[in-house]
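These are my notebook entries on a structure that I had not examined before. I set down what I looked up, entry by entry.

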Amino acid sequence: MTRKTRVRFAPSPTGPLHMGGVRTALYNYLFAKQRGGDFIIRIEDTDSQRFVPGAEKYIIEALNWCGIVPDEGVDAEGNVVETASERHPHAPYRQSQRKPIYRKYAEELVEKGFAYYAFDTAEELGAKRAEMESAGQTFIYGQTTRMGLRNSLSMPEAEWKELLETRTDWTIRFKMPENRVVKMDDLIRGHVEVNTSTLDDKVLWKRADELPTYHLANIVDDHLMEITEVIRGEEWLPSLPLHYLLYEAFGWTETQPRFAHLSLLLKPDGKGKLSKRDGDRLGFPVFPLRWVNAEGEVSRGYREDGYFPEAFVNLLAMLGWNPGTEQELFTLEELVETFSLERVVKSGARFNADKAKWYNKEYLRKKSVEELTDLYIPVLEEHGITGVSREYVSKVVALIQERATFVADFWDIASYLFVAPVTFVEKDAAKFWKEENYTLALKVADFIMNFEGEFTKENLEGPLEEFIRSNEWPMGKVMNCLRLALVGASSGLGIADIVTLIGKDEFARRIEYIKATLK
RNA sequence: GGUCGGUUCGUAUAACGGUUAGUACUCAAGAUUCUCAAUCUUGCAAUAGGGGUUCGAUUCCCCUACCGACUACCA
């Protein structure tokens, strides 16, 4: 029987989702959609200590912004989403709300002899660990040490049963088998083997808060939610043997999901994985959306920095995956069609901010003038420009679209089309505003002022250049003098374009102004 | 320290064991233009090191080096 593809993204709400997490979610989503399967969001909030208010909402919003919407899970308001599964009672999707489910599974493992009760307190263990470390050794709670610790394996039955009743701080630990080679298969990494003798007895369930740890919750929920593939970060590879053993202990090997471990996103320079600090240090966002933490510290987001979600998704997809062709630009739909785990790269990908900008620039070029005009108008308003017609703004957009990376760049590129320059770039003025140039330029200005036809680029450009040429004046010097007057610098659009946009009156004003200002 | 994973231009990556090791970003130069941008052309630049296996290794195996993850009653 082939099962319907069901994958999950299972973030922990301990803070904002960073771009590596978004990539993991994206790969899960692409995999599911390509196979006509379900993409599920499950919130792994079994650690009450590290819970951060607002983090869950942030995660859902961030994924929504990217177009990664779940078939099942929770929405930004915290409501259950379950579009695909009238026959599956999979809710709830927050592990804290699934609390009652886990205990019996943990106890089942004890009964079958795969786990045991442990009564050592966190403090005792911490002390032991510190003691051994200072002696240069490593402490692990496992097969070599467990009989010397306080648990249902090492203590007389009456004694531990007494503790089980009277104390509320015990845990259930997995009894790691001795000297067994666990053979695993990873969809990205291939075959991996680990000897269980190097592994420790992980805590599965805690009596104190009656919650499972990641390992137990993960296996139980993946099983109950009928997950077929687990696509997650590389940090989970070391616990894969434990997970295999858990499926085996529960007798669920038949339906055990297949695993794929994704490599990490690395910092652009130096060593280590990409962290929040790198963004601040190198000046690019690490998070999809802006995030303000409890201390009021602000982390910038791709959305607020002006990235289009399509560009963000595209660049993330290409960080660790490639289609095997030379195509670099993909819509989400195209990614759904093309994506494959086989082409996911094993090694860690270093994030590159320049390439990220390039993607945005490409997407900006593809946008319609209409859409960009909508986005540009608020930017203009922020700069106090309000009385301009939409038609005028559209004309400007059409001329500057391919020169920008972000919509916010439009202002720097074209502010002179909305307000007259009041200062002139010193270097440019020194270079071009010389008497032998500007006397000619002013004559050209007169030519423009006396131009009879309608002011359009097509009408003006030819005669204007012809006029300068026929007088044998230096084209570059003359034009740049005019540009200095119109732009305030010797860079910008063609003179005919500028004059056409700002019109005859404004043109005259700017000429008078520069004459007065620069003598 | 131990376990596991990884290593192709600066970065992202391509190359069924047979290529002048390709592409994109960045950078540089040139072309074009009234300037700038855009565009086009060209260029710089890589298989970590050492052993095998093979007629032939970027590709398969081993060792070394380096990088990373994990080694919590966190996920």
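**Entry 1: a helix pair.** I looked up how helix H16 (residues 435–449) packs on helix H18 (residues 475–487) and found an angle of about 70 degrees, with the axes 8 Å apart. Helices here are DSSP runs of H or I with at least four residues, strands are E runs of at least two, and both are numbered from the N terminus. Axes are lines fitted to C-alpha atoms, for helices over the stretch in contact, and angles run from 0 to 180 degrees between N-to-C directions. H16 is therefore roughly perpendicular to H18, a term that covers 65 to 115 degrees. On the H16 side I noted Asn437, Tyr438, Leu440, Ala441, Val444 and Ala445, and on the H18 side Lys477, Val478, Cys481 and Leu482. Contact requires C-beta atoms, placed from the backbone, within 7 Å.

**Entry 2: provenance.** I record that this is a predicted model, in which local features need pLDDT of at least 70, side-chain atom pairs count only at pLDDT 80 or more, and totals for chains, interfaces and linings use all residues. Residues are numbered from 1 along each chain as its sequence is written, while chains are lettered from A and ligands numbered from 1 in the order in which they are written.

Entry 3: Which way do the residues of strand S1 (residues 6–9) point? Arg6 and Arg8 point one way, Val7 and Phe9 the other, and all are buried (20 or more other C-beta atoms within 10 Å of the residue's own; 12 or fewer is exposed, and in between is partly exposed; C-beta atoms are placed from the backbone). S1 runs parallel to strand S2 (residues 38–41), and four bridges join them; pairing needs at least two DSSP bridges. I found Ile41 of S2 opposite Phe9.

**Entry 4: strands S11 and S12.** Strand S11 (residues 229–233) and strand S12 (residues 258–262) also run parallel, joined by five bridges. Arg232 has His261 in S12 as its bridge partner.

**Entry 5: backbone features.** I found a cis peptide bond from Ala91 to Pro92, with omega near 0 degrees. Pro92 lies in the loop between strand S4 (80–82) and helix H3 (99–111). Glu226, not a glycine, has a positive phi of about 55 degrees and sits in the loop between helix H6 (214–224) and S11. Glu226 is partly exposed, with 16 other C-beta atoms within 10 Å. Glu472 has a positive phi of about 60 degrees, although not a glycine, and lies in the loop between helix H17 (457–470) and H18. Glu472 counts as exposed, with 7 C-beta neighbours inside 10 Å.

Definitions and conventions
Parallel < 35°, antiparallel > 145°, perpendicular 65-115°, else oblique. Contact = placed C-beta atoms within 7 Å.
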